[in-house]
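Please look at the sequence and the 3D structure shown here before reading the report that goes with them.

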Amino acid sequence: MEKVIITCAVTGSIVVPTQTPYLPITPEQIADEAVKACEAGAASVHIHVRNPEDGRPSSKLELYEKVIKDIKNRSNVIVGITSGGSPEMNAEQRIEPARVYKPELASFNLGPVCTNASFIAKKYKDSDYKFAWEKDFLRLNETHIMQNSYRELDIFAKTLVEANTKPECECWDISQIYNAAFYYKQELLKPPVWLQFVTGPLGAIGSHYSDILHLKNTAERLFGAGNYHWSLIATGLEIFNVAPLAIMLGGNIRVGFEDNIYIEKGKLAKSNAEMVERIVRVVKDMGREVATPDEARTILGLKGKDKVNY
Ligand SMILES: [Zn+2]
């Protein structure tokens, strides 16, 4: 079996600073966490940026540029840029950083996402919040749908082809694997297709073993062995429970503060690297090896760090 690719999503756009003091916010902190995640065993990092003053998710190009240049100077890690953005951004804003910087990887959400993290807001009193924007931002989830209409998917797919950036196909349900196959047939996704299965959050498929098997079997049937690779984003602590199953089935793993803030029940993770290290132990205990960034580039058929536009 091929080596296991560990992806680390270092900050995301759902977790708010009040939830954990360890969330990286400034460009320096985000780059630092990415470099350390790679040193711990991550081959790839998935990047969002935040306003350095208050941690609010941002789409500012200068913040992306700062982060990805810093990472490139300090590490060989593969950089993937989000096109998921945050609930406050439109499709053009979401794909803009990938269009401009042409990274090796960029996320591509394959259909509508109606998720809800507003229950987190119920845990806090108004006086608990570190920043004024956080409460309303969490509540926005109750009414927001990340639309990802087919017109938007066309824009994302074509933009990434033009940038020679491999789409990281985020599939939140079985139907979205069919959408990936739809773009594969149009040759807007090229083999090997890189799938990230998002399981666990409200609005997505679950992280039960039968869900994970169904996702994997559907991908195998639609793309055929050898034409795709998949990775699991099981949100919350569940990732540590289901990672062995995904690895056994030939899958890869994503961890990081975007998806989970705990290292064990009731105990906050102190860094992204800590979560990566826990997955590295799982991989090694199973007699498998962790892919280096260059090995992951070969497995995924990426263009290489020297062909990005930053
Ligand atoms: Zn993301």
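## Basis of the model

This is a predicted model, in which local features need pLDDT of at least 70 and side-chain atom pairs count only at pLDDT 80 or more, while totals for chains, interfaces and linings use all residues. Residues are numbered from 1 along each chain as its sequence is written.

## The barrel

A closed barrel of 8 strands runs in the order β1-β2-β5-β6-β7-β8-β9-β10, with parallel pairing. From one strand to the next, the twist averages 30°. Helices (H or I, at least four residues) and strands (E, at least two) are DSSP runs numbered from the N terminus, and two strands pair if DSSP finds at least two bridges between them.

Strand β8 (residues 193–199) pairs with strand β9 (residues 228–234) in the parallel sense over 7 bridges, and Val 198 has Ile 233 in β9 as its bridge partner.

## Helix α3

Just after α3, Lys 102 takes a positive phi of about 45°.

## Asp 285

Asp 285 lies in helix α9 (residues 272–285), and this residue counts as exposed because it has 10 C-beta neighbours inside 10 Å. The C-alpha atoms of Asp 285 and Pro 244 are separated by 9.5 Å, although these residues are 41 residues apart along the chain.

Key:
Axes fitted to C-alpha atoms, helices over the stretch in contact; angles between N-to-C directions. Buried ≥ 20, exposed ≤ 12 C-beta atoms within 10 Å, placed from the backbone.
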